[in-house]
Amino acid sequence: MTGIGFGINLDSLRAQRMLSSSSRSFAQTSERLSSGLRINRASDDAAGLALSADLDNSARVYAQGLLNVNDGISLLSVSQGALEELSNITIRQQELATEAANGTLSSVQRGALNLEATALTQEYNRIVATATFNQVALLDGTLSNFRLQGGFGVDGGI
């Protein structure tokens with residue numbers, strides 16, 4: 001026995017200290033393995049943790065920016081669909097006007113063409129008034145200062 005008359009077993013204390021150190025090292029290694037990260041706290045690598053946190057923040061901001069841009073694409077798709085329908089209505093109204101100008105039609109036939117043209121005008125106005133995306137009117141002339149935010153700050157927007 002290497003103790004000094006006080007009932008202290010130095011070999012036991014040394015073994016306990018080594019066991020505690022090994023346990024801490026094992027816990028740290030297990031934490032790194034289970035999280036998949038090399039750096040889990042500032043004591044692992046303070047500069048690396050700061051850089052990791054900054055990169056994680058940037059990744060989250062750009063992921064949200066990607067969602068924002070996809071929303072913008074959806075808004076443009078809705079607008080494009082509405083404008084295509086307005087274009088189709090305009091073309092059909094031109095066809096009706098050309099057909100009605102033909103001298104071989106009776107007044108009853110011209111009246112039927114006029115009813116269709118009136119219905120098309122009402123549909124045109126309805127589309128202009130109701131084309132919206134997330135309750136934002138798209139075609140009524142009130143949309144202005146529209147901005148898509150894809151990244152940080154002013155430079156991250158379109």
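Reader: Which residues form a nonpolar patch on the surface?
Author: Patches are built from residues with over 30% relative accessible area and no salt bridge; like charges are joined within 9 Å, and nonpolar side chains (Val, Leu, Ile, Met, Phe, Trp, Tyr) within 5 Å. Here the nonpolar patch consists of Val136, Leu143 and Phe146, with about 220 Å² of accessible area together. Accessible areas come from the Shrake-Rupley method with a 1.4 Å probe, and for residues only the protein chains shown count as cover. This is a predicted model: local features need pLDDT of at least 70, side-chain atom pairs count only at pLDDT 80 or more, and totals for chains, interfaces and linings use all residues. Residues are numbered from 1 along each chain as its sequence is written, and side-chain values use heavy atoms, with hydrogens and water left out.

Reader: Where is Phe146 found?
Author: Phe146 sits in the segment after strand E2 (136–137). Helices (H or I, at least four residues) and strands (E, at least two) are DSSP runs, numbered from the N terminus.

Reader: Why does Phe146 count as partly exposed?
Author: Buried means under 20% relative accessible area, exposed over 50%, and partly exposed in between (1.4 Å probe, protein chains only). Phe146 has a relative accessible area of 40%, so Phe146 is partly exposed.

Reader: On to charges. How many salt bridges does the count come to?
Author: Side chains of opposite charge can pair when their charged atoms come close. The rule asks for a side-chain nitrogen of Lys or Arg within 4 Å of a carboxyl oxygen of Asp or Glu. By this rule, the count is three salt bridges.

Reader: Which residue forms a salt bridge with Glu116?
Author: Arg92 does, with the closest N and O atoms 2.9 Å apart. Arg92 lies in helix H2 and Glu116 in helix H3, so the pair ties together parts that are 24 residues apart in sequence. Arg92 also meets Glu95 in a salt bridge (3.1 Å, N to O). Glu95 and Arg92 both lie in helix H2 (residues 46–100), three residues apart, about one turn of the helix.

Reader: And where do Arg126 and Glu123 lie?
Author: Both lie in helix H3, three residues apart, about one turn of the helix. Salt bridges that share partners join Arg92, Glu95 and Glu116 into one network. The side chains of Arg126 and Glu123 meet in a salt bridge of 2.7 Å, N to O.

Reader: How do I check the length of helix H3?
Author: The expected span of a helix is 1.5 Å times one less than its number of residues. Helix H3 (residues 107–130) has 24 residues, so it should span 34 Å; its end C-alpha atoms are 34 Å apart, which agrees.

Reader: Now the inside. Which residues make up the largest nonpolar core?
Author: A nonpolar core is a set of buried Ala, Val, Leu, Ile, Met, Phe, Trp, Tyr and Cys residues joined through side-chain atoms within 4.5 Å. The largest one has 10 residues in all: Ala82, Leu86, Ile89, Leu96, Leu105, Leu113, Ala117, Leu120, Ile127 and Ala131. H2 and H3 are the elements that give two or more residues to this core.

Reader: What does Ile127 touch?
Author: Contact means heavy atoms within 4.5 Å. Not counting residues up to four places away in sequence, Ile127 touches Ala82, Glu85, Leu86, Ile89 and Leu139.

Reader: Last, the backbone. What is the phi of Gln135?
Author: Gln135 has a positive phi of about 65°, although it is not a glycine. Gln135 is in the loop between strand E1 (132–133) and E2.
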